[in-house]
Amino acid sequence: MDIIQRNFLRLLRSGAFNTAEETEPMSQWKWQSLFQLSQIHGVTPWVADGIRNLHDDFFLQLSDELRGKFLADTTSRTNVREHISLTNPLLDRRLQELYDEAGSEDATFNLLQDILSLSNNIISRGVNLRQLIWLGQGQRSNDHAVMYDVLSNWIVRLHLQRMVQLEAALLIELFHFKPEEIRFTDTIPAGNTESVVQDIFHKTQQNAAEWYFTQGESIFVRANNSNSMLWHMRQPIKYLRYYPSEAVTSFFANFTHSLTHIEE
């Protein structure tokens with residue numbers, strides 16, 4: 001992980017989870033690159049909060065213009081949940097049954113939705129840092145309202161055990177959660193996130209185009225070509241071991257979607 005990525009995560013942790021951080025010195029060009037990274041991932045408001053929190057940090061040397069760009073971003077921090085569906089018909093039917101049982105206002109089902117939203121993106125597009133933040137914030141703010149014995153049963157019914165282990169490991173690796181803070185899984189394998197973290201920071205402009213939340217003027221140009229299509233098709237296979245029953249059907253769904261775009 002390079003210095004831009006390390007400072008990016010420090011500011012993100014401070015802004016999203018109010019942690020005490022110290023940045024490393026960087027040139028204005030690198031701080032500009034950090035701003036672009038925050039835009040790609042749609043997390044600029046939290047990074048801006050981190051800049052506010054660490055305003056006395058000696059090495060946080062931003063030009064007035066660049067600081068203004070961070071602070072002017074108005075992307076919402078609110079987690080607006082949409083009804084989740086799965087590409088695997090059997091699992092999707094089970095999910096709809098759980099929804100009918102619990103309802104949209106149930107804290108336990110909302111946590112399940114946050115887990116599944118992140119899971120869907122990991123399989124189809126890569127780790128969505130906004131959703132990972134929401135998952136972590138939900139663990140800390142709504143923990144008392146969640147029935148974890150019920151959630152554990154739902155996770156088994158949807159075959160999510162390995163995926164929730166990965167999501168927990170990412171909260172620990174990127175946002176420095178303690179294992180005891182994460183109650184939606186009892187097993188968190190160590191050292192299994194390196195390739196996933198690399199994937200977060202090695203997204204190309206092309207493949208990120210559909211992935212980040214655009215607000216205001218986009219820094220990047222949207223482009224659709226064969227390389228992007230192949231990347232989206234390969235993505236589910238990369239995460240096959242974490243959610244095999246969903247990754248396989250997601251692969252074919254992506255393939256069908258890509259054919260539709262070719263025809264258009």
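I take buried to mean under 20% relative accessible area, exposed to mean over 50%, and partly exposed to mean in between, with a 1.4 Å probe and protein chains only. By that cut-off phenylalanine 8 is buried, because its relative accessibility is 0%.

**Basis**

I am working on a predicted model, where local features need pLDDT of at least 70, side-chain atom pairs count only at pLDDT 80 or more, and totals for chains, interfaces and linings use all residues. Residues are numbered from 1 along each chain as its sequence is written, and side-chain values use heavy atoms, with hydrogens and water left out.

**Whole chain**

I looked up the secondary structure and found 13 helices and 0 strands; helices (H or I, at least four residues) and strands (E, at least two) are DSSP runs, numbered from the N terminus. Of the 264 residues in the chain, 50% are buried. The accessible surface comes to about 13100 Å², and carbon and sulfur atoms own 51% of that; the areas come from the Shrake-Rupley method with a 1.4 Å probe. For contacts (heavy atoms within 4.5 Å) between residues at least 6 apart in sequence, 70% join residues at least 24 apart.

**Helix α1**

I checked the span of α1, residues 3-17. Its 15 residues at 1.5 Å a residue should span 21 Å, and the end C-alpha atoms are 21 Å apart, which agrees; the expected span is 1.5 Å times one less than the number of residues. I count α1 as largely enclosed by the rest of the structure, because 14 of its 15 residues are buried. At its start, a side-chain oxygen of aspartate 2 comes within 3.1 Å of the backbone nitrogen of isoleucine 4. Just after α1, asparagine 18 has a positive phi of about 55°.

**Core and phenylalanine 8**

I looked up the largest nonpolar core, which has 68 residues. Such a core is a set of buried Ala, Val, Leu, Ile, Met, Phe, Trp, Tyr and Cys residues joined through side-chain atoms within 4.5 Å. Phe8 is among the residues with the most contacts inside that core, as are Leu112 and Phe184.

**Aromatic pairs**I find 8 aromatic pairs; rings of Phe, Tyr and Trp (its six-membered ring) pair if their centres lie within 6.5 Å, with planes under 30 degrees apart counted as stacked, over 60 as edge-to-face and the rest as tilted. Phenylalanine 8 and phenylalanine 201 pair edge-to-face, at 6.1 Å centre to centre and 85° between the planes. Phenylalanine 8 lies in α1 and phenylalanine 201 in α10 (residues 194-201), so this pair ties together parts 193 residues apart in sequence. Phenylalanine 201 is buried, because its relative accessibility is 12%.

The ring centres of tyrosine 99 and phenylalanine 109 are 5.5 Å apart and the planes are at 55°, so I log this pair as tilted. Tyrosine 99 is partly exposed at 28% relative accessibility, and phenylalanine 109 is buried at 1%. I also note one aromatic cluster formed by Phe17, Phe175 and Phe177.

**Aspartate 114**

I looked up aspartate 114 in helix α6, residues 107-124. Aspartate 114 is buried, because its relative accessible area is 6%. Its side chain makes a polar contact of 3.2 Å with that of asparagine 79. A polar contact is a pair of N or O atoms within 3.5 Å; within protein, one must be able to donate a hydrogen and the other to accept it, and residues adjacent in sequence count only if both atoms are side-chain atoms.
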